[in-house]
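The sequence and the structure are shown below.

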Amino acid sequence: MRPVYRQYLKSFIPAMTAYMVVLVVSILVLKKLGPDTPVFLRGILVLSPIVPIIFFCLAMYRFIRDCDELERRIELESIALSCLFTGILFMAVGFLAGAEIIIVKGATVALWVFPVLCGLYGITKCIHTWRYR
């Protein structure tokens with residue numbers, strides 16, 4: 001395994017582990033809090049899973065920065081396509097919700113954007129990697 005991949009995994013795995021732990025703990029603590037809990041405390045708990053995601057994004061940025069030209073091209077094309085597909089998908093959801101064909105809460109849609117983006121990135125990266133082999 002090349003050093004750039006090793007370094008990425010050293011950053012990625014702790015960030016994702018921290019994300020899962022912080023997410024579960026914040027949900028459990030929020031369920032135990034009463035309605036009289038101050039808004040700023042609930043806000044901090046709700047936003048706490050964002051911190052490990054920032055570390056994941058930094059790891060990904062460093063990985064792309066340190067890749068060779070072909071790997072960087074594959075990564076950036078995959079990211080670009082996943083952004084385009086995610087935009088189209090959620091625009092379609094917005095049109096369907098606006099026409100009241102489907103009923104979706106805004107918070108639900110907002111929570112699914114980043115996971116869908118990451119999933120589509122993985123799919124497009126597999127396709128691009130296969131294409132350039």
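Leu 58 counts as partly exposed because its relative accessibility is 38%; buried means under 20% relative accessible area, exposed over 50%, and partly exposed in between, with a 1.4 Å probe and protein chains only. The model is a predicted one, in which local features need pLDDT of at least 70 and side-chain atom pairs count only at pLDDT 80 or more, while totals for chains, interfaces and linings use all residues. Residues are numbered from 1 along each chain as its sequence is written, and side-chain values use heavy atoms, with hydrogens and water left out.

Leu 58 belongs to helix H3, which covers residues 50-66; helices (H or I, at least four residues) and strands (E, at least two) are DSSP runs numbered from the N terminus. Along the chain Leu 58 and Tyr 8 are 50 residues apart, and 9.7 Å separates their C-alpha atoms.

Ser 11 is part of helix H1, residues 3-32. This serine counts as buried because its relative accessibility is 16%. Leaving aside residues up to four places away in sequence, Ser 11 touches Ala 59 and Arg 62, where contact means heavy atoms within 4.5 Å.

**Aromatic pairs**

Across the whole structure, five aromatic pairs are found. Rings of Phe, Tyr and Trp (its six-membered ring) pair if their centres lie within 6.5 Å; planes under 30 degrees apart count as stacked, over 60 as edge-to-face and the rest as tilted. Tyr 5 and Phe 63 form a tilted pair, 5.2 Å from centre to centre with 55° between the planes. This pair links distant parts of the chain, with Tyr 5 in helix H1 and Phe 63 in helix H3, 58 residues apart. Phe 63 is buried because its relative accessibility is 4%. Tyr 8 and Phe 63 also make a tilted pair, since their ring centres lie 4.8 Å apart and their planes stand at 40°. Here too distant parts of the chain are linked: Tyr 8 lies in helix H1 and Phe 63 in helix H3, 55 residues apart.

| Residue | Relative accessibility | Class |
|---|---|---|
| Tyr 5 | 28% | partly exposed |
| Tyr 8 | 17% | buried |
| Phe 63 | 4% | buried |

Ring pairs join Tyr 5, Tyr 8, Phe 12, Phe 56, Phe 63 and Phe 114 into a cluster.

**The chain as a whole**

The chain has five helices and zero strands, in the order α-α-α-α-α along the sequence. Its radius of gyration is 18 Å, whereas a compact globule of 133 residues would have one near 14 Å; the radius is taken over C-alpha atoms, and the globule rule is 2.2 Å times the number of residues to the power 0.38. Along the principal axes, the C-alpha atoms fill a box of roughly 55 × 40 × 15 Å.

Of the 133 residues, 20% count as buried. Among contacts with a separation of 6 or more, 71% involve residues 24 or more positions apart.
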